[in-house]
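Dear colleague,

Please find below the structure that I am handing over to you. My notes on what was found in it follow directly after.

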Amino acid sequence: MTGKYRKEEHGILVWYTLISAVVVIAVYALGSYPFYIHQKSSVIRNLYKELQGMELNDLNDDEQEAINEYQEEKYELLIVDQKYKILYSSRNTISDEFVRKHVISRIEQFVPEGYIDKDSYQLRHILILRGKVLQKDQTYYVYIRKEVQSGIEFMKGTVIYLCLAVMLCLAGEVLIIKKYDNRFHDRNRQADYQLQDRQKEFVANISHELKTPLAVISSQVEMLEMMGDKVDREYYFSSIHEELDKMSTMIGELLDFTMLDNQLDSMKTGKTDVSELMEYLLMRYDAIFRKNCIRVEKEITPECCVCGNQMYLERAVNNYLMNALQHTGQGRKMRVSVTERKNKVRIEVYNEGELIEKDQMEHIWDSFYTFSRKQKSDNQAELKNVGLGLFVVRKITEKHRGRCGAENLSEGVLFWIELPVYEIQNQNIK
């Protein structure tokens with residue numbers, strides 16, 4: 001297959017992902033506002049229906065409690081009799097001017113079926129129901145008000161956030177394609193094929209990962225629309241926020257991946273003390289280890305030096321430590337070592353915890369590879385997304401002419417890096 005056809009397939013995948021994201025955003029943008037207004041209007045009507053079944057002139061404790069539940073969700077309520085005497089108000093104090101302005105001056109709008117008006121006041125969106133309840137030759141006027149501006153702003157912000165996420169993702173895709181085009185003309189065909197295969201795999205993975213939170217958001221909006229008040233709305237909004245945060249993190253990693261490859265090619269190198277670097281990182285994370293009751297054992301030989309870039313080597317070791325911390329349960333152990341043997345500096349980070357399946361071990365270094373750990377106590381496998389952490393470790397190690405790997409031990413997993421010692425380096429890493 002020629003590079004031209006491979007590039008076309010890459011472009012089709014990019015556009016498919018972009019169109020899917022745009023469709024989801026459009027559905028959310030067009031449907032969220034009407035749904036939200038309908039949902040809040042339904043709650044207002046339910047409150048009004050409950051009030052029609054109460055003795056408004058003499059509310060008992062149970063009825064007062066039922067009304068207070070609506071107040072907790074910031075629904076304002078005012079009930080006056082036919083002489084405009086206040087029988088109930090959700091506000092601590094209310095003026096005669098308020099009654100005159102919102103009840104007396106609009107008395108013709110108070111109807112038995114309850115009329116909901118979508119009003120705007122000082123650029124705030126408000127829902128107002130005006131109802132008239134007839135009981136025992138008495139007339140009561142019910143005024144229910146709900147400000148919906150905060151919900152509308154949240155939905156607008158979500159749409160903007162999603163649009164920015166798609167734009168960033170598209171920018172990352174363009175950078176990858178541009179980088180491929182440059183390399184295609186500079187290297188031989190076989191090398192180009194391998195490069196494009198890796199990029200295609202990366203794009204496929206990130207595209208899949210981005211579609212997942214978008215699908216979750218879409219399903220949650222549909223659930224809110226179908227179930228209405230029967231579901232925990234705060235939970236679903238919180239969950240949508242969480243999925244947006246995941247998308248933001250993945251997009252950041254996508255752009256980070258694109259820049260990392262270029263930066264590693266031009267990095268400056270020099271004598272780097274890996275022992276000192278490890279001591280610094282362990283000290284930095286000491287509070288986190290203590291908080292999680294993780295015992296850290298260390299064996300660090302002083303002055304183990306390599307020829308490299310301290311910033312990138314720190315990042316690689318940091319990724320190992322964070323990966324180990326993520327998979328070490330409270331009260332368990334981590335072991336860290338930096339030693340020199342056979343003209344190699346060896347860095348090891350071991351953590352007690354779940355092992356990695358043998359058939360998955362070679363794939364954990366791939367970008368955004370998702371793998372499962374051993375069965376938990378409830379016999380449900382836990383899926384873990386590696387993201388770019390171990391992929392970045394491999395890239396940095398290779399640029400430093402070293403090797404990295406992982407192996408299962410009896411009670412945990414050991415990750416290691418081997419780099420040539422500083423004394424045998426005769427030239428800068430290129």
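In these notes a residue is called buried under 20% relative accessible area, exposed over 50%, and partly exposed in between, with a 1.4 Å probe and protein chains only. By that rule Tyr84 is partly exposed, because its relative accessible area is 29%.

Please bear in mind that this is a predicted model, in which local features need pLDDT of at least 70 and side-chain atom pairs count only at pLDDT 80 or more, while totals for chains, interfaces and linings use all residues. Residues are numbered from 1 along each chain as its sequence is written, and side-chain values use heavy atoms, with hydrogens and water left out.

Overall composition

The protein chain holds 11 helices and 14 strands; these are DSSP runs numbered from the N terminus, helices being H or I with at least four residues and strands E with at least two. Of its 430 residues, 47% are buried. Contact here means heavy atoms within 4.5 Å. Among the contacts with a separation of 6 or more, 67% are between residues 24 or more positions apart.

Two loop residues with positive phi

Tyr84 sits in the loop between strand 1 (75-81) and strand 2 (86-89). Its phi is near 65°, a positive value in a residue other than glycine. Asp137, in the loop between strand 4 (124-135) and strand 5 (138-147), also is not a glycine and has a positive phi of about 60°. Asp137 counts as exposed because its relative accessibility is 78%.

The nonpolar cores

A nonpolar core is a set of buried Ala, Val, Leu, Ile, Met, Phe, Trp, Tyr and Cys residues joined through side-chain atoms within 4.5 Å. The largest has 43 residues, and those touching the most other members are Met278, Tyr320, Leu321, Ile364, Trp365, Phe415 and Ile417. Elements that give two or more residues to this core include helix 7, helix 11, strand 9 (333-341) and strand 14 (412-420). Helix 9 gives the most, with eight residues. Another core, of 27 residues, lies apart from it and has Ile37, Ile67, Ile79 and Tyr88 among its members.

Helix 9 against helix 11

Helix 9 (residues 310-326) packs on helix 11 at an angle of about 145°, and their axes are 9 Å apart. Axes are lines fitted to C-alpha atoms, for helices over the stretch in contact, and angles run from 0 to 180 degrees between N-to-C directions. Residues making this contact include Tyr312, Leu313 and Tyr320 of helix 9 and Leu390, Val393 and Ile396 of helix 11.

Two buried residues

Ser275 is found in helix 7 (residues 274-284). Ser275 is buried because its relative accessible area is 4%. A polar atom of the Ser275 side chain lies 3.1 Å from the backbone nitrogen of Cys304. Leaving aside residues up to four places away in sequence, Ser275 touches Ile300, Thr301, Pro302, Glu303, Cys304 and Val338.

Gly402 belongs to the loop between helix 11 (389-399) and strand 13 (403-408). Gly402 is buried because its relative accessible area is 17%. With residues up to four places away in sequence not counted, Gly402 touches Thr397, Glu418, Leu419 and Pro420. Gly402 and Pro420 are 18 residues apart along the chain, and their C-alpha atoms are separated by 6.7 Å.

With kind regards

Technical notes: A polar contact is a pair of N or O atoms within 3.5 Å; within protein, one must be able to donate a hydrogen and the other to accept it, and residues adjacent in sequence count only if both atoms are side-chain atoms.
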